[in-house]
Amino acid sequence: MTRIAIDAMGGDHAPHEIVAGAVWAAQEYGVALELVGKQDRIEQELDRVCHEGFYSDCGKAGKQRRIRIDTSKLDIKITHASEIIEMGEAPGQAIRKKKKSSIVLAVDAVATGSSDAVVAAGSTGAAMASSLFGLGRIPGIDRPAIAVTLPTIKRPIVVIDAGANSNCSPEMLYQFAVMGATFSKNVLGIEHPRVGVLNIGEEAGKGNELAQHTYKLLEDHQERINFVGNIEGKEIFLSVCDVVVCDGFVGNVALKVTEGTSQMLFRMLKQEFKADLLGKIIGLLAKPFMKRIYTKINYEEFGGALLLGVKGITVISHGRSKAYAIKNAVRVAKEAVETGVNEKIAKFYEE
């Protein structure tokens with residue numbers, strides 16, 4: 001049985017929502033858990049989930065429902081961690097000073113074979129640094145990258161890198177393309193994923209030197225990478241490619257703009273539906289359709305982003321993740337373990 005290590009103390013809603021989402025995933029996906037954090041608080045939350053339950057909207061905008069789970073029937077191991085790395089701490093210094101922190105010990109569980117993957121919703125920098133130093137890099141990969149799955153009109157796409165590396169070389173972006181395509185094929189099930197470089201225009205000569213040199217490098221390796229050229233920001237959600245390659249600075253900005261825009265549009269629609277009687281009538285009729293759209297674009301559905309390039313599975317969840325998002329993050333981790341995405345990335349460089 002796949003065992004997932006959970007940083008139970010990381011995130012805005014830890015440990016309650018983290019523990020609740022983890023045991024929910026254990027029940028639904030049949031995984032074992034290693035909950036890492038302050039033992040007394042984890043035990044308290046496990047008892048609370050079992051007897052009082054927790055509330056979740058299950059990823060849908062609407063009324064929440066209470067969920068109770070009999071934790072005694074689940075395979076749960078608790079690893080005590082006496083320290084917590086806070087969001088504002090410098091990641092490198094923090095993991096060296098706080099060797100008994102929940103994220104460091106959760107990654108160590110994967111490194112020692114106690115667990116098969118780690119899910120963390122705390123400091124992204126701490127999760128990345130712990131994974132890099134605790135697990136090491138896959139041979140052939142210079143820097144790990146964050147692969148985020150986003151919805152489009154037709155099928156999900158992968159954006160890589162989404163924030164791990166602000167300064168990149170063309171060779172690093174080529175490696176991101178390899179990792180993103182491998183993830184798209186083996187985890188998302190897209191047989192021949194199309195790879196595009198995020199740029200300010202479609203022509204090969206567009207963009208800065210990084211974009212131009214990356215274009216040439218991917219073009220020279222089309223026998224191994226299904227490269228379709230440059231794509232503009234407006235095309236990300238139009239299914240013109242399956243993997244969007246960029247440096248972490250550009251990728252993170254693109255994600256935050258997308259997140260903010262979608263939130264603004266939903267708020268504007270809600271305001272219009274409440275503006276007058278006609279709006280209220282239209283809003284009432286549109287409610288089931290709006291719920292379906294919300295479910296498709298809700299980040300909680302995708303759970304978390306996979307940190308590709310390290311010799312182990314690390315899934316990084318949004319800092320404000322609640323139970324439903326954590327449940328889906330565990331699902332992502334389980335799928336990554338079962339599909340052997342790391343082994344396939346390593347194999348690409350062995351051939």
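**Reading the descriptions**

Analyst: Asparagine 230 is found in strand S10, where a strand is a DSSP run of E with at least two residues, a helix is a run of H or I with at least four, and both are numbered from the N terminus. This is a predicted model, in which local features need pLDDT of at least 70 and side-chain atom pairs count only at pLDDT 80 or more, while totals for chains, interfaces and linings use all residues. Residues are numbered from 1 along each chain as its sequence is written, and side-chain values use heavy atoms, with hydrogens and water left out.

User: Why is asparagine 230 called buried?

Analyst: Buried means under 20% relative accessible area, exposed means over 50%, and partly exposed lies in between, using a 1.4 Å probe and protein chains only. Asparagine 230 has 6% relative accessibility, and therefore counts as buried.

User: What makes the pair formed by the side chain of asparagine 230 and the backbone oxygen of glutamate 203 a polar contact?

Analyst: A polar contact is a pair of N or O atoms within 3.5 Å; within protein, one must be able to donate a hydrogen and the other to accept it, and residues adjacent in sequence count only if both atoms are side-chain atoms. The backbone oxygen of glutamate 203 lies 2.8 Å from a polar atom of the asparagine 230 side chain.

User: Which strands are the edge strands of the sheet?

Analyst: The open sheet has 11 strands in the order S5-S2-S1-S6-S13-S12-S7-S8-S11-S9-S10, with mixed pairing. Strand S5 (76–80) and strand S10 (227–231) are the edge strands, since each pairs on one side only; pairing requires that DSSP finds at least two bridges between two strands.

User: How do you know that strands S7 and S12 pair?

Analyst: Strand S7 (residues 145–150) and strand S12 (residues 304–308) are joined in the antiparallel sense over three bridges. Within this pair, alanine 147 stands opposite leucine 306 in S12.

User: Why is cysteine 168 called buried, and how do you know that it is in no disulfide?

Analyst: Cysteine 168 has a relative accessible area of 18%, so it is buried. A disulfide is a pair of cysteine sulfur atoms within 2.5 Å, and a search of the whole structure finds zero disulfides. For cysteine 168, the nearest cysteine sulfur, that of cysteine 246, is 8.6 Å away.

User: What makes a set of residues a nonpolar core?

Analyst: Such a core consists of buried Ala, Val, Leu, Ile, Met, Phe, Trp, Tyr and Cys residues joined through side-chain atoms within 4.5 Å. The largest one here has 70 residues, and Val341 is among those with the most contacts inside it.
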